[in-house]
Amino acid sequence: MIVDGEHTFPGPRPALWTLLQDPEVLAKAMPGARRLALTGDGVYTGVIRIGVGPVTAAEWSLTVRLADLVEPASYTMHVDSKGALGFTRGTATVNLDEVDEGTRMRYHADLSVGGKVAGVGQRLLDQVAKMLTKQGLDALNKEVEARLAADAAGGAE
Amino acid sequence: MSRGHVGSSPPRNEDHRLLTGNALFVDDVHLEGMLHVAFVRSDYAHAQLLSVDTSAALARPGVVAVITADMLGDYWQPGPLLVPPPPIDGLVFNQASQVPLAKDRLRHVGEAIAMVIAESRYIAEDAAADVIVDAEPLDPVVDLEAALLPDAPVLHPQLGTNLAAHVVQKHGDYEDAVLGADLVINRRFHYDRGAAAAMENRAVVARWDTRAEELTVWDTTQAPIPIRNGLARMLGLLESQVRVVAPYVGGGFGPKIMMFYPEEVLVPWAAMRLGRPVKWAEDRQENFFATTQERSQIHDAEMALSRDGKILGIRDFFWHDTGAYDPYGLTVPINSQCTLLGPYDVPAYHSEFRAVFTNRTTVTPVRGAGRQHGVFVMERLLDIAARELGLAPDEIRRRNYLRSDVFPHTFQILFQDFAPLYYDSGNYAPALEAALDIVGRETFPALQEQMRAEGRYFGMGIVSYVEGTGIGPYEGARVTIEPSGRVRVATGLGTQGQGHYTAFAQIVAEVLDVNVGDVNVVTGDTREFGWGTGTFASRGAVVAGSACHEAATIVRRKVMEHGARILGATPDEVELHHGTVRVAADPSRAIGFGQLAGHANPLRGAVIPGTEPGLEATAYFGPDHGSTASGVHAMVVEVDPETAMVRIDRYIVVHDCGKLINPVIVAGQVQGGVAHGIGNAFYEQLVYDEGGQLQNASFADYLLPTALDVPRVEMAHRETAAPLNPLGLKGVGEAGCIPTGAVFAQAVENALPHLALEIQEIPLSPSRLFELLRDAGPASARPADPALAAD
């Protein structure tokens, strides 16, 4: 399954880069995230709870390993998620470019989905992936705005 | 003298129990203290299994045990090779049968990893979700051709290759045939997977009786006796200590053959270990992943013909997907190889196949069992040749049929029964003419023209096939007249809706002159009858039916002899009459069967030396060869070229299964087979992605044809008696589904003559047909065949 697209955030690139490495921010942005923690050098582990169509919501263990970091421009995420209903694993690349409106993120994920969720959730999988991605980006966008506002307020002190 | 029982359609003996909800199915078995099982299954198509952590599952209240491969000890053995490969020169066969629980390697999604046993199924399912499987994914093997490339990942490292088998069979000289040919056509054909989709999923219940030292297993198997024998061997028991009961079963269609599925061998083992009854019933999800399937094949086929449309030779290379394991040997591809020849005279044939291991669910026979692939290839080649030669589809078939005077006819290639492919009898051309008459050979073209004027596209297809049925090795039956006067018949087959309780009763009633309703048939219980093979290959009626006939004939002789003695006559002076034996010249001197059975089993006096007590006999039947059923299917479709939706308007079957025991049961078999075939042609397809993940594992996405999609089949029966069994029987269980894809393809093309549409794959679907229609150019742009053009 390919999930790709782009989103433009209001803030400057270095600020966005920092936020994207912060497990607290990521936990807020990630739909269904129950826990997320930095457990090693560039390795995040946690638990998310997601359902797909006829597959009832279930908990999935999640490991994300960041690699090929080129600060503040790009990185790769190796995603490995497992649960009672199947697995998702694959690689996502993230590129950050400076644009007039702020920072443009381009993402491209190539994920394989297996097990029960692939067998019965197929016709909804793409839609669910798009929906979750949008939810995640919207949440991240909100977080960026909040941080920027906080920084601005802090800077005014 | 015919009493009219065979050949009639009395009310079925089993219907009362079925319709009143009193038939026992395996899931109806409830035993005190019974435990329930859920399986932890692989999410991966191909992976290295690193560890299985069952601690959380074991901690869940109500969980009794969680079994992994390591805990099975010596009981962990790959399953038996169920059908060894035939003795064909140069044959390569690499065996890798399924394992009870995966140990190091996961080879398909749904492969069992651990068995959770708990006080209820709910607890077992929850605990199964607690089990943590750590596995490292490996590159999957999905593409049949890529699987055999040198750098392909290998499923079974001990084999060093994904090649499961390589088989070449031929007769005549194909190269010579090509040299003398006016037309040579070659094409690539694809035939993809489908599920058997029986209404009842698999189920197993096992109980170990410690005091009786007896294991009872209720199993949805088509072959209870081989399962009993295998379980006894594996568990170190006498065969007589194991009773396997296959009660009423809601459809078999092949995958319930004696598979020794993981669940089938683990549930009895657990019942013995735990000393409590254990039950597992498959859910539909599991069925999609863990019950065997059919039928991916790719054929590169070539046909050489003379200008007048006579087949000179055929060459076919094909790849057969055997899935992750190959416990059923080569039955499916051998059936494809042999059935391709059909009812036709093919002077030269070269057929070569490679069976390939892939990371998909194991392939074993599903109704048709590979025959439909061969028929599809042959009938498509004939259709293409007919178009090139300007012949009608029926005419090219007519010109190539084996003549009715060539039987028995032997081809020099080996069939699934290890004997040369043998046609015992047949008469093909009249079936074709009969089918054309039913369709309306004059009226259909007029209808087609009229509809086209209204902007509607009607098409017709007509194809032929043969089906090798009724193969050995043998079946048996025991017939007993009880003191009540009722007759008890026991046979070793399993039954899954074929009407055995009635058809066998009819055969026995015919011999003994009793009412069909007074004959009580029992099948599928090894305690009742312990010798036999199973229900497969359209063989039940032919082989077990012949054994019933033989046993009843012996009982009839005993009745005549014993009756004559009591009536003070000689055996040739008495006759049977409606459950009595009487003196023909003086019918007032008569004795009923019940009373006679009492006399035959005296409490005092002596049984005459050299005779046996009772009115009972056991007999076996094993034919030298199967019997060759055949038929013609025709179909009328309406195609909407804009939506690519196809409506099947009419379906005609002219079928020859020899002597009919029960025409209504035969009609039911054909109608059901056609429904299966229509599903296979236009609705049902198991779609795997390149990672070996099944994409449509539910009936929301896997489309079964509904009653609205399957017309009532217009049927005509021909009865060319089989010479190798006493009643002239041939099998009919698979006939309905074998040529359906081929006739569908021809009918759809016929509906759209303005397009250069050529269907080379089955299953189709509306969306796939839409693509084919979009890509098909106008018929006028079809290139002329170079072989003919150059001539």
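# Exercises on chains A and B

Helix 16 of chain B passes helix 17 of chain B in a right-handed crossing; a crossing is right-handed if the near helix is turned clockwise from the far one by less than a right angle, and left-handed if anticlockwise. Helices (H or I, at least four residues) and strands (E, at least two) are DSSP runs, numbered from the N terminus.

The model is a predicted one, in which local features need pLDDT of at least 70 and side-chain atom pairs count only at pLDDT 80 or more, while totals for chains, interfaces and linings use all residues. Residues are numbered from 1 along each chain as its sequence is written, and chains are lettered from A and ligands numbered from 1 in the order in which they are written.

## Exercise 1

Describe how helix 16 of chain B is placed against helix 17 of chain B.

Step 1. Take the axes, which are lines fitted to C-alpha atoms, for helices over the stretch in contact, with angles from 0 to 180 degrees between N-to-C directions. Those of helix 16 (residues 663-683) and helix 17 (residues 740-751) of chain B come within 8 Å and cross at roughly 55 degrees.

Step 2. This makes helix 16 of chain B oblique to helix 17 of chain B. Angles under 35 degrees count as roughly parallel, over 145 as roughly antiparallel, 65 to 115 as roughly perpendicular and the rest as oblique.

Step 3. List the residues that meet, where contact puts the C-beta atoms, placed from the backbone, within 7 Å. Helix 16 of chain B brings V674(B), G677(B), I678(B), N680(B), A681(B) and F682(B), and helix 17 of chain B brings T740(B), G741(B) and F744(B).

Step 4. Sort the residues of this contact between helix 16 and helix 17 of chain B: 5 are nonpolar, 4 polar and none charged. Here Ala, Val, Leu, Ile, Met, Phe, Trp, Tyr, Cys and Pro count as nonpolar, Asp, Glu, Lys and Arg as charged, and the others, Gly among them, as polar.

## Exercise 2

Is T740(B) buried or exposed, and which residues does T740(B) touch?

Step 1. T740(B) belongs to helix 17 of chain B.

Step 2. Count the C-beta atoms, which are placed from the backbone: 20 or more others within 10 Å make a residue buried, 12 or fewer exposed, and numbers in between partly exposed. T740(B) has 32 other C-beta atoms within 10 Å, so T740(B) is buried.

Step 3. Leaving out residues up to four places away in sequence, T740(B) touches H633(B), V674(B), G677(B), I678(B), N680(B) and A681(B).

## Exercise 3

Work out how helix 9 and helix 10 of chain B pack.

Step 1. The axes of helix 9 (residues 371-389) and helix 10 (residues 393-400) of chain B are 9 Å apart, at an angle of about 110 degrees. Helix 9 and helix 10 of chain B are therefore roughly perpendicular to each other.

Step 2. L382(B), D383(B), A385(B) and A386(B) of helix 9 meet P393(B), I396(B) and R397(B) of helix 10 in chain B. The residues of this contact of helix 9 with helix 10 of chain B comprise 5 nonpolar, no polar and 2 charged.

## Exercise 4

Step 1. Most residues other than glycine have a negative phi, and most peptide bonds are trans.

Step 2. G472(B) and P473(B) are joined by a cis peptide bond with omega of about 5 degrees; P473(B) sits in the loop between strand 19 (457-469) and strand 20 (475-481) of chain B. Another cis peptide bond, with omega of about 0 degrees, joins I762(B) and P763(B).

Step 3. A369(B), not a glycine, has a positive phi of about 50 degrees. A369(B) counts as buried, with 29 C-beta neighbours inside 10 Å.

Step 4. D513(B), also not a glycine, has a positive phi of about 55 degrees. With 19 other C-beta atoms within 10 Å, D513(B) is partly exposed.

## Exercise 5

Describe chain B, chain A and the contact between them.

Step 1. Chain B has 19 helices and 30 strands. The radius of gyration of chain B is 28 Å, close to the 28 Å that the globule rule gives for 791 residues, so chain B is as compact as a globular protein of that length. The radius is taken over C-alpha atoms, and the rule is 2.2 Å times the number of residues to the power 0.38.

Step 2. Chain A has 4 helices and 7 strands. Buried residues are 25% of the 157 residues in chain A, and 55% of the 791 residues in chain B.

Step 3. In the contact between the chains, 15 residues of chain B meet 12 residues of chain A. Helix 7 (residues 284-290) of chain B gives the most to the chain B side, with 3 residues.

Definitions and conventions:
Contact = placed C-beta atoms within 7 Å.
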